[in-house]
Amino acid sequence: MMKYWSRSLLPIVVALLLLPALSMAQISVDVSVNVPPPELPVYDQPPIPGDGYIWTPGYWAWSDDVQDYYWVPGTWVLAPQPDYLWTPGYWGTEGAVFLWHSGYWGPHVGFYGGVNYGYGYGGNGYEGGYWQGGRLYYNRSVNNISNVHITNVYNRTVVNNVTVNRVSYNGGNGIRARPSAEQLSAQRERHIEVTPVQRQHVDSARVNPSLRASQNQGHPPIAATPRPAEFSGAGVVSARHPGTMSVVHQDAPQQNPPQRDNAPERGLRNENQPRQENQPRQASPQIDQRRAPEQAQPRSTPPQPQFEQRRAPEQAQPRAAPPQPPPRAAEQAQPRPAAPPPRPAAPPAPARPNPPQRPPERDAHDRH
């Protein structure tokens with residue numbers, strides 16, 4: 001495998017030569033740069049192509065040719081031999097320098113910097129499957145097994161199996177994780193380096209300009225593939241922004257809520273309609289019913305005084321009934337009985353004749 005060394009790597013190489021042999025067995029440095037890698041993109045895992053494939057997560061690699069990071073898509077890879085699992089590579093810091101530690105195949109999963117790559121690689125070990133009797137058993141809770149018939153499966157809930165902390169390097173301002181005793185023991189076991197198909201996968205990513213961080217701004221259009229070096233066709237997925245589905249419902253134009261029908265209901269006036277000042281205010285049905293009789297007929301003339309009837313009995317007319325007060329609301333249901341006809345006015349009394357006048361002379365004689 002070709003190794004990309006920067007010019008500033010010479011002091012680090014000299015320091016590594018002075019370390020014990022055990023430390024050299026634990027560290028495999030391929031490249032060193034002084035720029036931190038971008039955050040890990042968020043993407044969906046493609047369906048597994050068949051039995052015997054193991055998921056190898058994507059990562060940011062460095063290209064000295066263009067002096068830029070480029071994304072190596074995650075992909076499904078056939079294990080080089082039974083009972084071997086994949087330990088992903090990771091970036092680690094040494095002061096202001098970022099060192100790349102290559103991944104490898106081995107009987108056990110070793111230390112990969114505590115980086116949460118997702119889909120079974122939560123930062124410590126592998127929760128996506130295990131070998132037994134020469135067969136690989138898959139955990140359906142973290143593997144996309146939807147298009148092939150695989151019977152050697154099981155379900156085991158894995159907490160935080162999708163990348164939440166997307167920091168892609170260990171140390172410095174990144175992830176603070178240290179290898180356990182079991183992980184250090186796994187590093188000293190017999191390993192198999194990347195397979196030829198994995199190397200071809202990396203080379204195809206290096207020459208693809210769309211996978212460079214300066215062009216995709218951390219969101220590569222080819223984030224994962226169903227098979228190595230297959231960057232087009234069915235099953236290839238692109239990176240998505242975290243919470244893409246919620247962002248799309250919040251940024252979608254909000255439709256105006258349905259307008260409530262403001263038409264008058266049950267005789268109520270529409271409050272949203274401005275009142276016309278030059279028009280009389282519309283009254284409720286009850287008020288209209290009370291005023292209807294007054295508007296239908298002209299108001300009757302008041303009755304003539306009583307003394308006029310005595311002076312001209314031949315012209316006296318029946319006394320008109322006084323105007324009725326507006327009926328109350330409770331009286332609207334039933335019509336009010338008509339008032340009794342007015343009593344006819346009594347005829348004037350006949351004039352009494354004046355008594356005869358006595359002569360005054362006779363009146364004087366009688367007094368004597």
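Tyr130 stands opposite Tyr137 in strand 11, strands being DSSP runs of E of at least two residues and helices DSSP runs of H or I of at least four residues, both numbered from the N terminus. The model is predicted, so that local features need pLDDT of at least 70 and side-chain atom pairs count only at pLDDT 80 or more, whereas totals for chains, interfaces and linings use all residues. Residues are numbered from 1 along each chain as its sequence is written, and side-chain values use heavy atoms, with hydrogens and water left out.

Strand 10 (residues 129–132) and strand 11 (residues 135–139) pair in the antiparallel sense over 4 bridges; two strands are taken to pair if DSSP finds at least two bridges between them. Gln132 has Arg135 of strand 11 as its bridge partner. The hairpin of these two strands has 2 residues between the strands, and Gly133 there takes a positive phi near 65 degrees. One face of strand 10, formed by Gly129 and Trp131, is covered, while the other, formed by Tyr130 and Gln132, is uncovered. An open sheet of 3 strands has the order 10-11-12, with mixed pairing. Its edge strands are strand 10 and strand 12 (153–154), each of which pairs on one side only.

A further hairpin is formed by strand 7 and strand 8, again with 2 residues between the strands, and Gly95 takes a positive phi near 70 degrees. Strand 7 (residues 90–94) pairs with strand 8 in the antiparallel sense over 5 bridges, and Glu94 stands opposite Val97. Because 5 of the 5 residues of strand 8 (residues 97–101) are buried, this strand is largely enclosed by the rest of the structure. Here, buried means under 20% relative accessible area, exposed over 50% and partly exposed in between, with a 1.4 Å probe and protein chains only. Val97, Leu99 and His101 point one way from strand 8, Phe98 and Trp100 point the other way, and all are buried.

In helix 4 (residues 196–206), the buried residues are Gln198, His201, Val202, Ala205 and Arg206. Viewed down the axis of helix 4, these buried residues fall within an arc of 135 degrees, and therefore line one face of the helix; the arc is that of the directions from the helix axis to the C-beta atoms.

The protein chain contains 9 helices and 14 strands, and buried residues make up 36% of its 368 residues. Of the contacts (heavy atoms within 4.5 Å) between residues at least 6 apart in sequence, 63% join residues at least 24 apart.
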